[in-house]
Amino acid sequence: MSRAAVGAFIRRHPRWSLLFALCALLWALDRLFPPPLPAGNDGFIVLARDGSPLRAWPGSDGAWRYPVSPADVSPRYIEALLGYEDRGFRWHPGVNPASLARAAWQWATTGRIVSGGSTLTMQVARILEPVPRTPRGKLRQIVRALQLEWRLSKDDILTLYLNHAPMGGIVEGVEMASRAYLGKPSRELSHAEAALLATLPRAPSRLRPDRAPQAAQAARDRVLARLERFGVWSPEVVADARIEPVIAQRLQGAWLAPLAAERLRGQARRAGSAGLTRVASTLDRELQATVERLLADRASVLPPRVSIAALVVDAATLEVRAYAGSADFGDNARGAHVDMVRGVRSPGSALKPFLYAMALDDGLIHSESLLIDAPQAFGGYQPGNFQADFSGPVSVSEALQRSLNVPAVDLLDQIGPARFAARLTEGGIKPRIATGEQPNLSLILGGAGVTLEELVGGYRALAAGGVAGKPRLTPDAPIEEARLMSEGAAWIVRDILEGGGHPDRPFVEGGGAAPLAWKTGTSFGFRDAWAVGVSGRYALGVWLGRPDGTPNPGFFGANVAAPLLKDIAAALPREVVPSRARPATVHPVDICWPLGTAAVDTPAPMCHRRRSAWSLAGAVPPTRPDRIDGSSLRQTLWIDPASGLRTVSGCGHGQPRDTARWPTLLQPWLAGWLPADQRIPDWQPGCAPTGGTPAATLRIVGLNDASRLRPAPHQRHVSLQLAVRGAQGPVYWLLDGRRVTPDAGGKLLLTESGAHRLTVMDEGGRHHSVAFAVDARSGN
């Protein structure tokens, strides 16, 4: 339209032009002076999976809110609110002319405000921009109400009221008030409770139900009377509501899962969220409270700076059900704000189940493969067991259950540390090693850092067919999974940790709590104590230590972390746990030691020990040759029938006999363990090969069989000088199977009376043992 046409229209229609100019002016004023709608940081709240609040942060004005929409609130509250405050809310433009006229007349005739005449929209305007209760303030309130109606829908205005209405103290909004005072969500309000919360904003300080229940009840009853008078609720409903007493809990500042909530809040901030924000978590409120109580009880008997972390994950969904990053969020001495669920620490032996699972999948072992628990050196690395003793011949099941170090290091040496580390990383467990370093054999004993979250996600594979996953804190978080082991390997390893791994063990009828398959770990220097496992459909883990890494002598996984893990497992929801179906790839098989082969394929003279094992994918791998003598464990011996001693062909009247040889490093344990007819006989004099037997070249000097040792006068111990002849390289001393180390002078102090056995071994597998007795009480 041209300027001339516009001018002509104005001349012909001056009233329309005036209306158009007025509208333009109002639009401009609205844009220049917009209503102060909530913006920026108006609070943050983290919810449990049932919608109850776990932890909340106040808005920029210090108020606590729980954001809801009208659809989240009980219709009873909406009826009570609109029926009491503003029956014409749905049709008026923000102000009610009749109510304003009545309020103006009352003010003119009495000189004071008797009834405000405020609509719900006007109340929202006053909440957003407080004004004095004067005619000028009322006019400003009216203008703001009109602006709100212009800009927002009725439901938007109602939502603002639901979330910002003052409810006493720092509580704002119906949902926060309902949960804070009544302990329930607003969608579950009764008629009486709905009426109570509808009147509370009129005098929030004076009518707080936790402080003034009688005043609150009187105000509630006035609301009920009004609702009955205007036919909002029937007389019967109102009569029942009047009977209900006003009982409110006191406002409490204690929150659950504080560090999990901190984590979710940080994620929301990084995502750029602003405004009134609520985040739904996967946490189970009841279980979370139980876990926090268990941690607090345990922390009360621990040294001041020791903290605890615990994590419980639903293995089926990877949803986190309980998350405690510290022992007590209110105890700064224990590193209250340090989230040790995500702290990188040494796992000790907690990685061993993954190693044995990998060896099963590689076909290196079955559940009863013969392993060597004896002093060994691996390129200069000499691992020892936690208790410093050695058991000699052990099975895979025994080695894993007892967390023996030497068999695990031996197995990792066969698999390769770099390959094992890569498998862990693929499964979501990321070993952190020093910059520039490569994975080495110490990895299986805690020589890398991991997190509790990663470990629990890895152990989840034992309950999910071998598939590990990343625990999820929110229901909309993506599911991140990776295969860590085969289904069969996961089943075997869990069976070992749960019940010993023996196919021939008695069947136990199910019932009660689900069995717990668990493993502990203790890092070097007692810095970290772990216990991780699976029970029923849950994967769970516990870490205990000092966040600053200071050692805690005497604290190890079995004595401090495992009992707490068992308590948490006992607190898990009881449910019918179906028996775990054995995968088609797993079969029981009888095997024979020392060869490790199937019993049906092993001649009776070579089957020294028969054991029941789990076989994976039909594999029954034989015992690996030992590191000292790589020859076959199947041997043909020549035995002199008269003396029963070993000879060679052509020396005397030797006859051939097929037999099985035990690995060289196990020889010191066989003398008192195998029957004489299963041991390899000594050489017949004059018939031994040149050089004699390896054992004959090594001798303990100064101590003979059947010796009886007594302390020197006025002493309570025996000082034994250790000496050996014929050793090649370093030697290992074992006292009753436990490794001992003499002092700088080569002496060993003996304080325990009774029979003992001293054994010496060298790197070549040579050994010599002496049985003796000590009478430590005879010193004077």
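Student: Is helix H9 (residues 191-199) mostly covered or mostly open, and how many of its nine residues are buried?

Tutor: Please note at the outset that this is a predicted model. A residue counts as buried when its relative accessible area is under 20%. By that criterion eight of the nine residues of H9 are buried, and the helix is mostly covered. The buried residues are Ala192, Glu193, Ala194, Ala195, Leu196, Leu197, Ala198 and Thr199.

Student: Which elements do the buried residues of H9 pack against?

Tutor: They pack against four helices, namely H3 (75-85), H8 (174-182), H10 (213-229) and H11 (235-243).

Student: Let us turn to strands. In what order do S15, S16 and S17 lie in their sheet?

Tutor: Strands are read by their pairing, and two of them pair if at least two bridges are found between them. In this case the order is S16-S15-S17, in an open sheet with antiparallel pairing. Strands S16 (646-647) and S17 (655-660) form the edges, each pairing on one side only. Strand S15 (residues 634-639) is joined to S16 by two bridges, and tryptophan 638 has threonine 647 as its bridge partner in S16.

Student: How many residues of strand S5 (residues 320-324) are buried?

Tutor: Five of the five are buried, so S5 is largely enclosed by the rest of the structure. Its antiparallel neighbour, strand S4 (residues 307-314), is joined to S5 by four bridges. Within this pairing, valine 312 has alanine 322 as its bridge partner. The hairpin of S4 and S5 has five residues between the strands, and leucine 318 takes a positive phi near 70 degrees there.

Student: Which other residues have a positive phi without being glycine, and where do they lie?

Tutor: Phenylalanine 526 is one of them, with phi about 60 degrees. Its place is the loop between strand S10 (516-522) and strand S11 (528-535), and its relative accessibility of 29% makes it partly exposed. Alanine 617 is another, with phi near 55 degrees. Alanine 617 belongs to the loop between S14 and S15, and at 64% relative accessibility it counts as exposed.

Student: Where is the cis peptide bond from tryptophan 593 to proline 594 placed, and what is its omega?

Tutor: Omega for this bond is near 10 degrees. Proline 594 sits in the loop between strand S13 (586-593) and strand S14 (609-616).

Student: Finally, how many helices and strands does the protein have, and what share of its residues is buried?

Tutor: The protein has 21 helices and 26 strands, and 51% of its 780 residues count as buried. Its accessible surface is about 36000 Å², with 54% belonging to carbon and sulfur atoms.

How values were computed
Residues numbered from 1 in each chain as written. Predicted model: local features only at pLDDT ≥ 70, side-chain atom pairs only at ≥ 80, totals over all residues. Heavy atoms only, no water. Buried < 20%, exposed > 50% of the residue type's maximum accessible area, 1.4 Å probe, protein only. Contact = heavy atoms within 4.5 Å. Areas by Shrake-Rupley, 256 points an atom, 1.4 Å probe, with all protein chains shown as cover.
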